[in-house]
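This briefing covers helix packing and a pocket. Please have the sequence and the model open while reading.

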Amino acid sequence: MRITLERSNLLKSLNHVHRVVERRNTIPILSNVLLKAEGAALDMKATDLDLEITESTAAMVEQAGATTVPAHLLYEIVRKLPDGSEVLLATTPDGASMTVASGRSKFSLQCLPQSDFPDLTAGSFSHSFKIKASDFKMLIDRTQFAISTEETRYYLNGIFLHTIEASGALKLRAVATDGHRLARADVDAPSGSEGMPGIIIPRKTVGELQKLIDNPDLTIGIEISDSKIRLSIGSVVLTSKLIDGTFPDYQRVIPQANDKEMRVDCQTFARAVDRVSTISSERGRAVKLALSDGQLLLTVNNPDSGSATEEVAVGYENDAMEIGFNAKYLLDITSQLSGEDAIFLLADAGSPTLIRDTAGVDALYVLMPMRV
């Protein structure tokens, strides 16, 4: 293999693929990126056996061929080369090493044979559809913060993507929950998604997707089977295994009869919560909300360091009540809201609270209270 390509193109593609590679691997080939040169392109592939990413970039191919080299090492080398330079990649005749040359710099990297590189993309996909990148990004951005990190409830370690009838129309819905809070977002279901199986996209895959969807004007191709999802985003193709588990019936925890409405300026509320929570202990980040007519009093008590209070004007015309929440969870949710105001629908101090956006975004949040 012998090819020349622009450093900027090579770096951009390596930046996408090298992130999938775990830094510590017991299987040496999984530390490598597969490079395949043919036609006028260089194809790259990396995998951790659960997630696979491929990307194609333009290259001048003098001699076609394929090899694998350490992914993080190649990325660091290319990253440190000067802007605007050209990079030559050439393997030795025996295929044991690859030269990376640019200007006066020259590196030699150990290769492993491409035949050892695992392939994740086998199998057929039962459903395929196209969706606007902006819609898909909204679904994952608005819900990913609520993904559970508790390994024992592995079926909560991802976003549940499925279609559902809502308000007389078919919606593509994303839901995530960790048992303390729940996030739900809907977009109109794209054609081809009808009857698709409900799938759980793993947390690591969601994180990669957030980084890959950098152009909201693109159209993303999505293919789904019972065990895998494949997404085509521009020149990148990402294939991931799905979480093999049953997502709980989230509809049951969404309160339907919360009749006490509090309307508050989102920014003012978030800043006030942030300020009073400065004094809270790391372990119990509880903030108490005391509601009365048109007024909200935020209080944090920490036996070790002191207390804090702040008053915020709100739209509230119901009986006075007190309820406690985890301050971090409140801030996580308010950071997702794009409208000026947030609407809190409350029942009582021991029941889950519903939080809605006023910006017309089809998303809602449920937050469990804390004892304070």
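Predicted model: local features only at pLDDT ≥ 70, side-chain atom pairs only at ≥ 80, totals over all residues.

How do the residues of the lining of the largest pocket divide into nonpolar, polar and charged? The lining of the largest pocket has 7 nonpolar, 3 polar and 4 charged residues.

**Largest pocket**
- The space in the largest pocket comes to about 190 Å³.
- Its lining consists of 14 residues.
- Nearest the centre of the largest pocket are Thr-177, Gly-179, Leu-182, Tyr-250 and Val-253.

**Helices α1 and α2**
- Helix α1 spans residues 7-18 and helix α2 spans residues 71-80; their axes come within 10 Å and cross at roughly 145°.
- The crossing of α1 with α2 is left-handed.
- On the α1 side, the contact is made by Arg-7, Leu-10, Leu-11, Leu-14, Asn-15 and His-18.
- On the α2 side, the contact is made by Ala-71, His-72, Leu-74, Tyr-75, Val-78 and Arg-79.
- Sorted by class, the contact of α1 with α2 holds 7 nonpolar, 3 polar and 2 charged residues.

**Helices α3 and α4**
- Helix α3 (residues 133-143) and helix α4 (residues 203-212) have axes that come within 10 Å and cross at roughly 135°.
- Because of this angle, α3 counts as oblique to α4.
- α3 and α4 cross in a left-handed sense.
- From α3, the residues that make the contact are Phe-136, Lys-137, Ile-140 and Asp-141.
- From α4, they are Val-206, Leu-209 and Gln-210.
- The contact of α3 with α4 has 4 nonpolar residues, 1 polar residue and 2 charged residues.

**Helices α5 and α6**
- Helix α5 covers residues 266-276 and helix α6 covers residues 327-334; the two pack at an angle of about 155°, and their axes are 10 Å apart.
- Angles over 145 degrees count as roughly antiparallel, so α5 is roughly antiparallel to α6.
- The crossing in which α5 passes α6 is left-handed.
- α5 contributes Cys-266, Phe-269, Ala-270, Val-273 and Asp-274 to the contact.
- α6 contributes Ala-327, Leu-330, Leu-331 and Thr-334 to the contact.
- In the contact of α5 with α6, 7 residues are nonpolar, 1 is polar and 1 is charged.

Conventions: Residues numbered from 1 in each chain as written. Heavy atoms only, no water. Axes fitted to C-alpha atoms, helices over the stretch in contact; angles between N-to-C directions. Helix = DSSP H or I, 4+ residues; strand = E, 2+ residues; numbered from the N terminus. Parallel < 35°, antiparallel > 145°, perpendicular 65-115°, else oblique. Left-handed = near helix turned anticlockwise from the far one by under 90°. Contact = heavy atoms within 4.5 Å. Nonpolar A, V, L, I, M, F, W, Y, C, P; charged D, E, K, R; others polar. 1 Å grid on protein atoms, 1.4 Å probe; cavity = no way out; pocket = protein on both sides within 12 Å on 5 of 7 lines; lining within 4 Å. Points joined across faces, edges and corners; volume = space filled by probe spheres on them.
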